[in-house]
Amino acid sequence: MASGRVDLDGNPIKPITICMIGAGGFIGSHLCEKLMNETPHRVLAVDVYNDKIKQLLEPSGSGELSWADRIQFHRLNIKNDSRLEGLIKMADLTINLAAICTPADYNTRPLDTIYSNFIDALPVVKYCSENSKRLIHFSTCEVYGKTIGCFLPKDSPLRQDPAYYVLKEDASPCIFGPIEKQRWSYACAKQLIERLIYAEGAENGLEFTIVRPFNWIGPRMDFIPGIDGPSEGVPRVLACFSNNLLRREPLKLVDGGQSQRTFIYIKDAIEAVLLMIENPARANGQIFNVGNPNNEVTVRQLAEMMTQVYSKVSGESSIETPSVDVSSKEFYGEGYDDSDKRIPDMTIINRQLGWNPKTSLWDLLESTLTYQHRTYAEAIKKAISKPVAS
Ligand SMILES: NC(=O)c1ccc[n+]([C@@H]2O[C@H](COP(=O)([O-])OP(=O)(O)OC[C@H]3O[C@@H](n4cnc5c(N)ncnc54)[C@H](O)[C@@H]3O)[C@@H](O)[C@H]2O)c1
Ligand SMILES: O=c1ccn([C@@H]2O[C@H](COP(=O)(O)OP(=O)(O)O[C@H]3OC[C@](O)(CO)[C@H]3O)[C@@H](O)[C@H]2O)c(=O)[nH]1
């Protein structure tokens, strides 16, 4: 059955079945929503949790794109579940999103991080290769590590030259710190699984696409400590800063907030993934940076912008001391290190898929912080007003 939709080359797009591993996470939940709302594809959603896709698992309305029979949740841990191979065999395409991917874990739980990002991904690659199934694997921009430019003297004019900092899939080196900086356990595991997938493509004909996300952010990212996640948990920066703003606490700037990041709105990024899904001839064998080079800020600037935007969407004035500096050792513990700057080169994704990001940092923060405020402000107020047990 054709869906009436056409790919970038004008060919009809046939509905397919996708085995999505890690479908219950931040990116997975947005991808499931997009696939259910805008395409006729079926999803076998695999995860240990489903809270973020609950709305899709309820019976849906009628109509052409009704998702009632098109999404099926399979609660399983891919570490140790023999059902995985069967699900991959039932699908035309597997998308692997499952991973430990919060920096607070990389230096404190390096073994879990390496197992999750390398060892646990091995059977997925093997089953896809042995059963001639297409694989879209989620890697990370962290595989680039640090820029070449950061090793130049602080006053070197070459630091301004894009050749020293723009990150290119087919040219940039992967530069990690020493082994005792366990921060790099994640990047290194992701790099090795990329190399394995690439080798399966070269030697055994695996049809693969590797995605390197550059700080995708938006609603449903991670958790708010003490509300829908552990009180002592440390999520990624969007949720850390959201939590501080909701609780009217200063935002914590690690090592002065000098690191630079480019942030992309999750909805822009999901458009790119859908193009990969529906244009296999253009996406197979490729490694894609997916980010927004126009949205670069230092973490300090991000904190300032989030503070302003949150004031606007919540109607609350900001606190007297909006941010404080904290050392990385204090915040993350021993073995933390950081990527200095992350600007994605967009040549390959532009050439293959004609994709470009659209949403400015201000606009994406406005919609995301509106969501954070609506979702969490009341719960935080209640939690704060509860008397502490003596
Ligand atoms: N969000 C970003 O900006 C970003 C940036 C770089 C890379 N990535 C990569 O994209 C992928 C998805 O990231 P995310 O932000 O959605 O993270 P997430 O933590 O929200 O989602 C990961 C999901 O995988 C599930 N999972 C983990 N281990 C599992 C297992 N053994 N069995 C079954 N399910 C398991 C988790 O329960 C979770 O729902 C990850 O591979 C991550 O490394 C994301
Ligand atoms: O309260 C905080 C929390 C963090 N920081 C600093 O912000 C920078 C970004 O941190 P974060 O978003 O948590 O993570 P990274 O960008 O370093 O790494 C992610 O990038 C992609 C991915 O692979 C998956 O999402 C992941 O590894 C950083 O400099 C922190 O130190 C802060 O100042 N205050």
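**Close-up views of a predicted model**

View 1. A backbone N or O atom of Ile 78 lies 3.0 Å from a nitrogen atom of ligand 1, in a model that is predicted. In the side chain of Asn 77, an N or O atom is 2.8 Å from a nitrogen atom of ligand 1, while an oxygen atom of the ligand has a polar side-chain atom of Arg 236 at 2.9 Å. Ligand 1 would expose 820 Å² if taken alone, and the protein buries 89% of that area.

**View 2. The residues that surround ligand 1.** Ligand 1 is surrounded by 24 residues, and the closest of these are Phe 26, Asp 47, Asn 77, Tyr 186 and Trp 216.

**View 3. The second largest pocket.** This pocket, with a volume of about 510 Å³, is lined by 22 residues, and those nearest its centre are Cys 150, Arg 159, Gln 258, Ser 259 and Asp 340. Sorted by class, its lining consists of nine charged, eight polar and five nonpolar residues.

**View 4. Cys 150 and its closest cysteine partner.** Cys 150, one of the residues nearest the centre of the second largest pocket, is partly exposed, with a relative accessible area of 25%. The closest cysteine sulfur to that of Cys 150 belongs to Cys 174 and is 14 Å away, which is too far for a bond.

**View 5. Cys 32, a buried cysteine.** Cys 32 has a relative accessible area of 0% and is therefore buried. Its sulfur is 11 Å from the closest cysteine sulfur, in Cys 19, and so these two are too far apart for a bond. With a disulfide requiring two cysteine sulfur atoms within 2.5 Å, the count comes to zero disulfides.

Notes:
Residues numbered from 1 in each chain as written. Chains lettered and ligands numbered in written order. Predicted model: local features only at pLDDT ≥ 70, side-chain atom pairs only at ≥ 80, totals over all residues. Heavy atoms only, no water. Buried < 20%, exposed > 50% of the residue type's maximum accessible area, 1.4 Å probe, protein only. 1 Å grid on protein atoms, 1.4 Å probe; cavity = no way out; pocket = protein on both sides within 12 Å on 5 of 7 lines; lining within 4 Å. Points joined across faces, edges and corners; volume = space filled by probe spheres on them. Nonpolar A, V, L, I, M, F, W, Y, C, P; charged D, E, K, R; others polar. Near = heavy atom within 4 Å. Polar contact = N/O pair within 3.5 Å; in protein donor to acceptor, adjacent residues only side chain to side chain. Areas by Shrake-Rupley, 256 points an atom, 1.4 Å probe, with all protein chains shown as cover.
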